[in-house]
Amino acid sequence: MFFCFSLSYLLRFFTVWILVVELLASTATINPSSKIGNGYRLISVEDSPNGGGLIGLLQVKQKNNVYGPDIPLLQLFVKHETESRLRVHITDAEKQRWEVPYNLLPREAPPSIKQTVGGQRKNAHSKTPTSSEYAGKEFIFAYNADPFTFSVKRKSNGQILFDSTSDESDPYSSLVFKDQYLELSTKLPKDASLYGLGENSQPHGIKLYPNEPYTLYTTDISAINLNADLYGSHPMYMDLQNSGGEPSAHAVLLMNSNGMDVFYRGDSLTYKVIGGIFDLYFFSGPSPLAVVDQYTSLIGRPAAMPYWAFGFHQCRWGYHNLSVVEDVVENYKKAEIPLDVIWNDDDHMDGHKDFTLNPTAYPRPNLLAFLDKIHSQGMKYIVLIDPGIGVNATYGVHQRGIAKDVFIKYQGKPYLAQVWPGAVNFPDFLSPGTADWWADEIRRFHQLVPVDGLWIDMNEASNFCTGLCTIPTGRICPNGTGPGWICCLDCKNVTNTKWDDPPYKINASGIQAPIGYKTIATSAYHYNGVLEYDAHSLYGFSQSIATHKAVLGLEGKRPFILTRSTFVGSGRYAAHWTGDNKGTWEDLRYSISTMLNFGIFGVPMVGSDICGFYPAPTEELCNRWIEVGAFYPFSRDHANFYSPRQELYQWESVAESARNALGMRYKLLPYIYTLSYEAHLNGAPIARPVFFTFTNDTELYGLSTQFLLGRGLMVTPVLEPNKTTVEGIFPRGSWYNMFDFTKAIVSKGSSNRVALDAPLNSINVHLYQNTIIPMQQGGLISKQARTTPFALVVAFPLGETKGECKGNLFLDEDENPEMKLGNGHSTYVDFNARISNGSVKVWSEVDGGGFALEKGWIVEKVSVLGLHGGNKSGFEIEIDGNKIDGSNVEFRTIEHEFVGKLEEGGNKIKSVMVEITGLELPVGKNFAMSWKMGIQG
């Protein structure tokens, strides 16, 4: 939730921030470009004793005390873990340091310190190195001994991907490794295009912009704050380079949960981290899709999502009672706008307490009757839960948590904070017992209210207070008369430990705020003494894991979890929305870049609050936003408590835009769901940058105003006010308008800029050549839409007499926990098409067809686009070798129209689309359909 402030509160808020900034200015120490350390030397190296890899010892060259003393001896471990993944792991050689827990994010463990260090010191065969190389299938790890530097190169062409050398003229140090300050840099080519390092709102688009701040530390500040550390921490970047017309992509992950600043200067990148270790993973690509495949193979494949999750969702903070929710559902139905899921923010709760119902506003008998009604129609219901558990002697959730000792501690007692219920304790999801307690509370709540998914918010973790707090005596906190987000506990700042006041100040909240500001004190501790200082950015991730496990255990159904805070690997358990945005044209534009970044991060189920969370959007903006948001993977309208109502039916013009855009989404649900299956298998983003498909075209590397769904369905939205046209970039080839297949764009040679008509209620969506997409007839609920006949759209290059197209379709019992073939409850279909010498053939190859046959799904219509066309004679349709004569099958041709100038000299290509209707081809059986046209072959 975003906090809308009164004037008096705003004055107090900014006064606090001014004091913070003044304090920090007075204690500033080191210029960011100053060199901090003097590097290390490699004193020995040998083959790893556990099979595979190199292990070495690094010794500090010259100690200093800037940001604390240097760690004198480091262990280096290097291994080609797979053909496409290289790991470089650097840690203290004599003392165990904090790492992202291996049970939380499973991965191969490096050799233990005691085994390797002791062994190397005694081993007569360990070498005193100068420089050398360690080669794998795709990478070469090269190193110099004194000072120790390393580079990572492609084996195929010697391209340097990472180079830690620090020259005299460079504005960064050699390797620095202190207890609370780690620094490492790499040189970069100036023409590199970098993506990632989130979560943040990037005003310049999806590409990282030199000399902008990139700070990673999970923080509850709204997404309207540009270039600031937001809700998630993803210390991963992808680098796309194009050398001599040969594109190649790779990625680098720093597996580290501590706060960090990353300085990208255009020709170099520097990590400045306040703890943990350097645990670097390199992914060879070389295509962007291959990078995401390799990345998610390490961090976890994206979660399987139920089919209904790809329908439209409606939410609002401020549905004061059940009657309002019932009216919203009814009004969507009356307006004939699709709606699958209705949400409650915290309005359903009793006193903002998790796992409770307000007996007056949401009486349980009435709520159960409402859920019975919408469930019978196929609709779903999701509610919010926050991690803060209200401190209350009569609140069973808290009492059971105390009994099971599940809360984060400070000086032996549960750490006290304030969120919506007032005083709260935070569950420690790193503790083995907490997941069981959490699952039991979710089970109890599900017995009270059979919700269909859970929304976990405020899990950075957010705290309305700062420091060490106690419940005040003699006054009520909160008293119910003012905003619930003003701290009313008695608190004192905690700055007496190095964990609360580290020597290096990351650019937290964009202003170098103390890292414990408005969150859990960083000297608080988790299970087994783990410091909040180290584990802070894992909080939302660990809660997502526990929540996913709990929901899966309820009824054995596929879980749907939506989380605000994320970390590396969160996509394996949850979807994400991009937090508290504004109803502005700028925020509409930012939403595209953030969505595309999360696809790269392995969180493909992502979207922004449609029409903005606050303040009131204009009618025109809401029109344009639903036209974009209808094609977010996760599509939800959500608004603030204090904003006017903005459901899509509130304006007739917006309702019309919603019917058009969501109508197309619901027809495309089979295609979108198949993309989610591909994401689950190999990490492929559902929504992806245009350069993912057209990697050769450097003009597209920064394109942030258009995006693809899958390989070849492009969305070109209007992102400015008072526009009835929009300019789109169309890469080489043929593109067909999804709302009117007869309209085609042809880009010859290279990408073309094309002016498109874009009246208020329309969105431009185009299908690329060589593609087959499955569609259905749509509906107001995905369950209903899923029962309708299929249509195939086959897009050949316009006017070509030879060509091939491919597509696929995945169908399953979508609430089964596993999303896979071979279980008797799923079907996979490959669709193929070929044109050659006047003959057109469309056919399918089916795996696991029994499920689709049981459901009775059929292909009723096939549209083939881009055929070189002349006369209409000579049609001879065969299906599975049998001529179709005198049946219900109808066959017609329509000539294509061209958008923009086709080629020099005018529109010279004559081509047609062919539409065949009246078919009854079972989706679950192989079929082959062919015909000859009066086509000049």
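Arg-558 and Asp-812 form a salt bridge (a side-chain nitrogen of Lys or Arg within 4 Å of a carboxyl oxygen of Asp or Glu), with the closest N and O atoms 2.8 Å apart. Arg-558 sits in the loop between α9 and β29, and Asp-812 in strand β44, so the pair ties together parts that are 254 residues apart in sequence. Helices (H or I, at least four residues) and strands (E, at least two) are DSSP runs, numbered from the N terminus. The model is predicted; local features need pLDDT of at least 70, side-chain atom pairs count only at pLDDT 80 or more, and totals for chains, interfaces and linings use all residues. Residues are numbered from 1 along each chain as its sequence is written, and side-chain values use heavy atoms, with hydrogens and water left out.

Arg-558 is buried, at a relative accessible area of 4%. Asp-812 is buried too, at 1% relative accessibility. Buried means under 20% relative accessible area, exposed over 50%, and partly exposed in between (1.4 Å probe, protein chains only).

Glu-815 takes part in two further salt bridges, with Lys-380 and with Lys-557. In the pair with Lys-380, the closest N and O atoms are 3.2 Å apart. This pair links distant parts of the chain: Lys-380 belongs to strand β20 (residues 380-385), and Glu-815 to the loop between β44 (802-812) and β45 (826-836), 435 residues apart. Lys-380 is buried, with a relative accessible area of 13%. Glu-815 counts as partly exposed at 21% relative accessibility. In the pair with Lys-557, the closest N and O atoms are 3.4 Å apart. Lys-557 lies in the loop between α9 and β29 and Glu-815 in the loop between β44 and β45, so parts 258 residues apart in sequence are tied together. Lys-557 is partly exposed, with a relative accessible area of 36%.

The structure holds 40 salt bridges. Salt bridges that share partners join Asp-220, Asp-457, Glu-460, Arg-564 and Asp-580 into one network. Side chains of opposite charge can pair when their charged atoms come close.

Helix α9 spans residues 539-555 and is mostly covered, with 12 of its 17 residues buried. Among the buried residues are Tyr-539, Phe-541, Ile-545, His-548 and Val-551. The cover over the buried residues of α9 includes α7 (432-448), β26 (453-456), α8 (532-535) and β29 (561-563). Just after α9, Gly-556 adopts a positive phi of about 70°.

An open sheet is built from eight strands in the order β1-β2-β3-β4-β17-β14-β13-β11, with antiparallel pairing. Two strands pair if DSSP finds at least two bridges between them. The edge strands, β1 (40-47) and β11 (193-198), each pair on one side only. Direction ignored, neighbouring strands of this sheet are turned by 15° against each other on average.

Within this sheet, strand β3 (residues 73-82) has nine of its 10 residues buried, so β3 is largely enclosed by the rest of the structure. Strand β2 (residues 54-60) pairs with β3 in the antiparallel sense over six bridges. Ile-55 stands opposite Phe-77 in β3. On to strand β4 (residues 85-92), β3 pairs in the antiparallel sense over eight bridges. A hairpin through two residues joins β3 to β4. Val-78 stands opposite Val-88 in β4. Strand β17 (residues 278-283) and β4 pair in the antiparallel sense over six bridges. Leu-280 in β17 is the bridge partner of Val-88. Helix α3 (residues 288-299) packs on the sheet and touches β4, β13 (234-243), β14 (246-254) and β17. The direction of α3 makes about 20° with that of β14; angles run from 0 to 180 degrees between N-to-C directions, and axes are lines fitted to C-alpha atoms, for helices over the stretch in contact.

Leaving aside neighbours within four places in sequence, Leu-253 is in contact (heavy atoms within 4.5 Å) with residues including Pro-235, Leu-280, Tyr-295, Leu-298 and Val-568.
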